[in-house]
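Here are my quick notes on this one. Have a look at the model first, then see whether you read it the way I do.

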Amino acid sequence: MTQPLLFALFALILATLAACGVDGPPTRPEPTPEPGLHISGEAQIGVVSKL
């Protein structure tokens, strides 16, 4: 094998091993809210008078 071919093979092996998830075990993503309209809050209605 020639030197450039060996270098390319080594780079391919290194890239494959780097993508193996060495950052830890996989974690489940956060659940997303269901699609649709969601309204929440507080409202007050009243009359203020001064006697």
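1. Start with the helix: α1 is hardly covered, and the count of buried residues among its 16 residues is zero. Keep in mind that this is a predicted model.

2. Running over residues 3-18, helix α1 reaches 22 Å from its first C-alpha to its last, close to the 22 Å expected at 1.5 Å a residue.

3. What else is there by way of secondary structure? The protein chain has one helix and zero strands.

4. On surface, the protein chain exposes about 5900 Å². Carbon and sulfur atoms supply 66% of that area.

5. Which residues make the nonpolar surface patch? Leu 6, Leu 9, Leu 12, Ile 13 and Leu 17 do, and the patch covers about 470 Å².

6. Take Leu 6, which sits in helix α1. Its relative accessible area is 44%, so Leu 6 counts as partly exposed; the buried class would need a value under 20%.

Definitions and conventions: Residues are numbered from 1 along each chain as its sequence is written. This is a predicted model: local features need pLDDT of at least 70, side-chain atom pairs count only at pLDDT 80 or more; totals for chains, interfaces and linings use all residues. Side-chain values use heavy atoms; hydrogens and water are left out. Helices (H or I, at least four residues) and strands (E, at least two) are DSSP runs, numbered from the N terminus. The expected span of a helix is 1.5 Å times one less than its number of residues. Buried means under 20% relative accessible area, exposed over 50%, partly exposed in between (1.4 Å probe, protein chains only). Accessible areas come from the Shrake-Rupley method with a 1.4 Å probe; for residues, only the protein chains shown count as cover. Patches are made of residues with over 30% relative accessible area and no salt bridge: like charges are joined within 9 Å, nonpolar side chains (Val, Leu, Ile, Met, Phe, Trp, Tyr) within 5 Å. A salt bridge is a side-chain nitrogen of Lys or Arg within 4 Å of a carboxyl oxygen of Asp or Glu.
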